[in-house]
Amino acid sequence: MEKELWKGNEAIAEAAVRAGVNCFFGYPITPQNEIPEYMSARLPEVGGVFVQSESELAAINMVYGASSAGMRAMTSSSSPGVSLKQEGISYMAGAELPGVIVNVMRGGPGLGTIQPSQCDYFQATRGGGNGDYRTIVLAPCNIQEAVDMTQEAFDLADLYRTPVVVLADGMIGQMMEPIVWHDVPKRELPPKDWAANGRRGRDHNNFITSLRMDAPDCEEHNRALQRKYDLITEKEVRWEELDTEDCEILITAYGTPARIATSAIEELRAKGVKAGLFRPKTVWPFPSKRLAEIAAQPSLKAILVVEMSMGQMVEDVQLATKCVKPIGFHGRPGGMFPSVEGIMEQAEKLLKEVQ
Amino acid sequence: MKKQIIISGFGGQGVMSIGKSLVEAAVSEGMHATWVPSYGPEMRGGTANCSVVLSEEPVGSPVFTYPTELIAMNLPSLLKFEPNVVPGGIIFVNSSIIAEKVQRTDVKAVYVPCDTIANELGNAKVSNMVMLGAYIAATKALKVETIQQMLVHMFTGPKAKLVDLNMKALARGAECLEG
């Protein structure tokens, strides 16, 4: 298959089209503007609906509405805009509505900066809005993966009737690289017989809400949601490993920092430092089990977590490994990204400290 | 072979498109390549740059501290990135608007009067193609034929007459390496 050069944001948008998205609702914000821009031209070509909403709040509630009617619906934004969408995402989780939310993260807090960041990890992996819920969070580290994951996100959302977040950073959105449009494996999906799209011969009206006034009923709903999240944790956790068999230091990173780390690991190995990479591809569910296994390897001396934040995923690494090995952290917040040299230096420093 | 290139200049000088042309050509030659723009809150007339990696192996980090080549289309770009170029690397200077010389002695300097040549060819817009021609001639990282094929692809219909102009710009840039 032929390689094509694509910009990250546009590739994500085209991937959604190929996944059969019917409706896109969004409000502009850098660094994800190419997604709605692309959709505004492309979706009408395939009979879809594009609306530039009056606000982020409106966009996510349009997703709620379209999804309720059984459509494949999505929105995209960047950090401050995704914060505004949290109420709607919580309602979708409560009403068990599928939907895809792309967050091309930028530096925060508040309006922050337009440069790439990973500072929304907590928000994305802990639910983000009110209530006991989780969203599936897919974390691509290059454009090919962003394309594959975006397509998969729609199937996952429909399969589990839950919002799915594609958590990218500004670098993935803005950069260009070649990708291949190959067929992404499709899931067998149940019919959307729950959708509020007319009676269609049913003997009842479908009613979609997240409101459950009766406390015992609401408790049972929460338990049912948890069983679903347990099932997702059992079945959908994904990660990638590089040189983990014999490593003394395990660099753990997702997204762009993981990609930068692969170059650092290559150079560390060339210098005789046995480094490896553990890269979560789903950050919720987090690949805790496998990470704990690697942490227990006798050859492993330390773990270095690298993020474009002040340290968020590092808490999941601590939880997963129960800190059986020393855990170091290297973070570049506020729109900066780690360098190959910076990661190497931190890795060597940490190894020296633990020896 | 692995090239880590910084291309930098004023907005409007075509620095982003030099980068895109390099990446596109590399991909069509079967190489791996990445292009990362600086997309900061740049002011009008401010300096913009992009980072390009061309490699026979899959690209790990698309960003880097030490470029193997620097293409400086204006003075602020030369001043900013000259110290970071790897020893033995190449600095390409748009000598039409940069009077200063490269200070480093452990790198090769290539002076290309991009705007002067472009104006001689009758179209100021092709100054970036002049620089691209010089880059390819100096590094041999890509085949010039690949770029030529891209131009034929890019300019069709009423724009087809621009193919010849761009080919000439590439050739004139390459000539700057002779003698």
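**Figure 1. Helices α1 and α2 of chain A, seen where they pack together in this predicted model.** Helix α1(A), which covers residues 8-18, and helix α2(A), which covers residues 34-45, have axes that come within 8 Å and cross at roughly 40°. The crossing in which α1(A) passes α2(A) is right-handed. On the α1(A) side the residues that meet the partner helix are A:N9, A:E10, A:I12, A:A13, A:E14 and A:V17, while α2(A) brings A:E34, A:I35, A:Y38, A:M39, A:R42 and A:L43. Taken by class, the residues of this contact divide into seven nonpolar, one polar and four charged.

**Figure 2. The open sheet of chain A.** Seven strands of chain A make up this sheet, in the order β3-β2-β4-β5-β7-β6-β12, and their pairing is mixed. The edge strands are β3(A), residues 49-52, and β12(A), residues 282-284, each of which pairs on one side only. From one strand to the next, the twist averages 20°. Within the sheet, strand β6(A), residues 136-138, and β7(A) pair in the parallel sense over three bridges, and the partner that A:V137 finds in β7(A) is A:V165.

Figure 3. The buried residues are A:G88, A:I89, A:S90, A:Y91, A:M92, A:A93 and A:G94. Among the elements of chain A that cover them are α3 (56-68), β5 (99-105) and β7 (163-169). Just after α5(A), the residue A:E96 takes a positive phi of about 55°.

**Figure 4. Strand β1 of chain B between two partner strands.** Strand β1(B) runs over residues 2-10, and seven of its nine residues are buried, so the strand is largely enclosed by the rest of the structure. With strand β3(B), residues 47-55, β1(B) pairs in the antiparallel sense over nine bridges, and in this pairing B:K3 stands opposite B:L54. With strand β4(B), residues 69-72, β1(B) runs parallel and is joined by four bridges, and here B:S8 stands opposite B:A72.

**Figure 5. Helices α1 and α4 of chain B.** Helix α1(B), residues 15-28, and helix α4(B), residues 127-139, pack at an angle of about 40°, with their axes 9 Å apart. That angle makes α1(B) oblique to α4(B), and the crossing of the two helices is right-handed. In the contact, B:V15, B:S17, B:I18 and B:S21 of α1(B) meet B:N128, B:M131 and B:L132 of α4(B). By class, these residues are four nonpolar and three polar, with no charged residues.

**Figure 6. The side of chain A that touches chain B.** In this view, 20 residues of chain A are in contact with 18 residues of chain B. The elements of chain A that each supply at least two residues to this side are β1 (3-7), α8 (170-174), β8 (176-180), α10 (255-270) and α13 (340-354). Helix α10(A) gives the most, with five residues. By class, this side of chain A has 10 nonpolar, five polar and five charged residues.

Conventions. Residues are numbered from 1 along each chain as its sequence is written. Chains are lettered from A and ligands numbered from 1 in the order in which they are written. This is a predicted model: local features need pLDDT of at least 70, side-chain atom pairs count only at pLDDT 80 or more; totals for chains, interfaces and linings use all residues. A residue is buried if 20 or more other C-beta atoms lie within 10 Å of its own, exposed if 12 or fewer, and partly exposed in between; C-beta atoms are placed from the backbone. Two residues are in contact if their C-beta atoms, placed from the backbone, lie within 7 Å. Two strands pair if DSSP finds at least two bridges between them. Axes are lines fitted to C-alpha atoms, for helices over the stretch in contact, and angles run from 0 to 180 degrees between N-to-C directions. A crossing is left-handed if the near helix is turned anticlockwise from the far one by less than a right angle, and right-handed if clockwise. Ala, Val, Leu, Ile, Met, Phe, Trp, Tyr, Cys and Pro count as nonpolar, Asp, Glu, Lys and Arg as charged, and the others, Gly among them, as polar. Angles under 35 degrees count as roughly parallel, over 145 as roughly antiparallel, 65 to 115 as roughly perpendicular and the rest as oblique.
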